[in-house]
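The sequence and structure come first.

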Amino acid sequence: MLQELGNALSFVILAAILPPLILFISKFFRPSYPHSGKLTTYECGETPKGSAYVQFNNHFYLVAIVFLVFDVEVALLFPVMTLFRDAVLKGGPEAAQVFLLSFGFLFILFVGLIYEWKKGDIDWIKVATNRKTALESGELKSRKIPAEQRTV
Amino acid sequence: MALVDLFVLSCIVLGALSAAVVAFHPNILYAAIALVFSLLSVAGLYGALGADFLAAVQLIIYVGGIIVVILFAIMMSENIYRGRFVEGFRRFIVPFIISMVVLVGLVRLMRRAGWPKTAEIMNLPSTGPIGQALVGPYALVFQYVAIVLLSGLIGAVVIARPHYTETKGDGT
Amino acid sequence: MAVFSVLAAVIIILLFAMPVGGICTYIERKVSADMQERIGPNRVGPLGLLQFFADGIKMFLKEDTAPKNADLPIYNLAPILVMAGSLGAFALIPFAKYVIGADLDIGVFYIMALGSLISLGILLGAWSSDNKWSLLGGMRVAAQIISYEIPLGIAVLSIVLVSGTLSMSGIVEHQAWPNGTAAGGHFWNVFHNPFLFINFFIYFISALAECNRTPFDLPEAESELVSGFNTEFSGMRFGLYALAEFADVIMFSCVATAIFLGGWHLPFVNIGELNIGLRLGGHDLTPLIQTLIMIGVFLAKVSVLVFVVMWIRWTLPRLRVDQLMALCWKYLIPIGFVNLVGCAVWFWVFKGASMLQVTSRLLGVH
């Protein structure tokens, strides 16, 4: 097994060496005339205004956290799924055991996803948690076209 | 020296150097990237021990998940990468003390542990036995882990939720 | 033995992945030209075939300008991570029965692990160029790539369920035509049960999103954000990113071919048992010819998938970022979970038989 891991690692090392190697070789062939106009950051031709810092939507961080939990779940399900085929082909209660345990695990985290969905955490732009009152209060505009204005 | 030994030694050296950068470097972004390298070296050590599944899990969850969360947090905090909290030589004191304490504790633990011979079991596939353990003796723990993950998910989301006023946040 | 592995790495990466990645840029320009009813590159070399070569030389000779305030160590690290992630996965692709760079026990799982390095590389690259537009693009890319890793993982999970092993060559072995192998094979995995059929499309859509191809190429949207996260990368650095993107597309297509479309198996023929009686100087050439046929079949399937990827690029409009996230979390993940449960139920009820075998049992033929 170590031999195979070594093979895979040599691929990764070779791929990691390539960018610095290519850039180093091209250093002998390419011109280098640094000029202050070339070194400023590019903002469609205007001079850059302000620092390179933007106020971000909090949603990026939320997506990262939800991704992390589901990533752990998928990674934990992998070894269990490898047992399923042999358990089924052998017959007996082992298949039921694997099935119920792994899908119990999956279901618990699926409940978490449904909670997020209902609370609006996985919307990029958060809409109100109660859709009906938001429609009535006018905060959320309904996108249904009334019958007389429909052209299709 | 066999190639494996060279690999293990280089993983250890890389891990130690990048851990030192994580502990002592004033720029927090460089510390986060050095954390990537120390986690990669841990994955390499797992691979050299024959635990190939664990090495891949380390890459997926730590490097691909936790480092991305840390980097998002750093990039979204204003000017955190420019702030210096402690100046001069005083910034070395606390990390040094903590790392020495952890080092002494780990060395004592390693002396007392009985290391089994790994040469025979190193070449066995590791995914199957992990799966067997998760549905066999540790089945209840497996479900409990799901509940812990669920509570972590909901807790983190409740804390990180943006607090909106009447206007909706601008979707960037 | 170490020499052999390095040699295999050099051959597969330098002589297959990189040239094919370069040729793909040419093929994409020709295919897109054809779909837009124009001609495309036809000046450099016969039919414009040397265009990618000329592009490579041009990028090689360009000046390397980094922005003044760029974080140079991270600026240099980013392409390394992206290339390591894209090209490192070529080690595990089963081109033929014994032609695989490294036959790890954790085949598909390792490929997923390398995909996480790519998102890290792009995020760091976007941050290090001191440009707010590329930072915005980079954050969006990272959010997109990490979100779509989950449906990718779920689709691969359903394959692992049906194959019982994580190793790539094992998964391909299980898809042999029934009348030949001791592995009790069934036909291609995509036709095994209807849930796997849908999961193939979930895998394909997630792979498109992972590679930042249209309709998911908002991060490098040419009409917004200048050039997205690679605004400040010019010359050869940009070439490295473009190559990594195509290598990513090819890698995901190779993985999809291997795990869903039956790898190097032909539909009604068991290639391992073809009797080709060619001899050359006392050596039996049959295994060599069989291997070549297997590699040819594999590459043909991969090129069909790559062509479909290019076709989709010029057919569908780009998704907005909130539509992209909604697609992942609200559609692909629930459907993926339901399909996973459905696969398990089918497997259990029919004791592992595929659709083909079930219908043939019902009709009484075999």
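A salt bridge is a side-chain nitrogen of Lys or Arg within 4 Å of a carboxyl oxygen of Asp or Glu.

The model is predicted: local features need pLDDT of at least 70, side-chain atom pairs count only at pLDDT 80 or more, and totals for chains, interfaces and linings use all residues. Side-chain values use heavy atoms, without hydrogens and water, residues are numbered from 1 along each chain as its sequence is written, and chains are lettered from A and ligands numbered from 1 in the order in which they are written.

**Interface of chains B and A**

Chain B gives 55 residues and chain A gives 46 residues to the contact (heavy atoms within 4.5 Å). About 4,600 Å² is buried between chain B and chain A, and carbon and sulfur atoms give 76% of this area. Buried area here is the accessible area (1.4 Å probe) that two parts lose on being put together, summed over both. On the side of chain B that touches chain A, the elements giving two or more residues are α1 (3-24), α2 (28-48), α3 (52-76), α5 (127-135) and α6 (139-160) of chain B; helices are DSSP runs (H or I, at least four residues), numbered from the N terminus. The largest share, 14 residues, comes from α6(B). By class, this side of chain B has 34 nonpolar, 15 polar and six charged residues. Nonpolar covers Ala, Val, Leu, Ile, Met, Phe, Trp, Tyr, Cys and Pro; charged covers Asp, Glu, Lys and Arg; the others, Gly among them, are polar.

Ser102(A) sits in helix α5 (residues 93-119) of chain A. Leaving aside neighbours within four places in sequence, Ser102(A) is in contact with Leu77(A), Val80(A), Met81(A) and Phe142(B). Ser102(A) counts as buried because its relative accessibility is 1%, where buried means under 20% relative accessible area, exposed over 50% and partly exposed in between (1.4 Å probe, protein chains only).

**Salt bridges**

Over all chains, the structure holds seven salt bridges.

| Pair | N to O distance |
|---|---|
| Glu28(C) and Arg313(C) | 2.7 Å |
| Arg213(C) and Glu245(C) | 3.3 Å |
| Arg320(C) and Asp322(C) | 2.9 Å |

Salt bridges that share partners join Glu28(C), Arg213(C), Glu245(C) and Arg313(C) into one network. Glu28(C) is buried at 7% relative accessibility, as is Arg313(C) at 17%. Arg213(C) is buried at 2%, and Glu245(C) at 17%. Arg320(C), at 47%, counts as partly exposed, and so does Asp322(C), at 22%.
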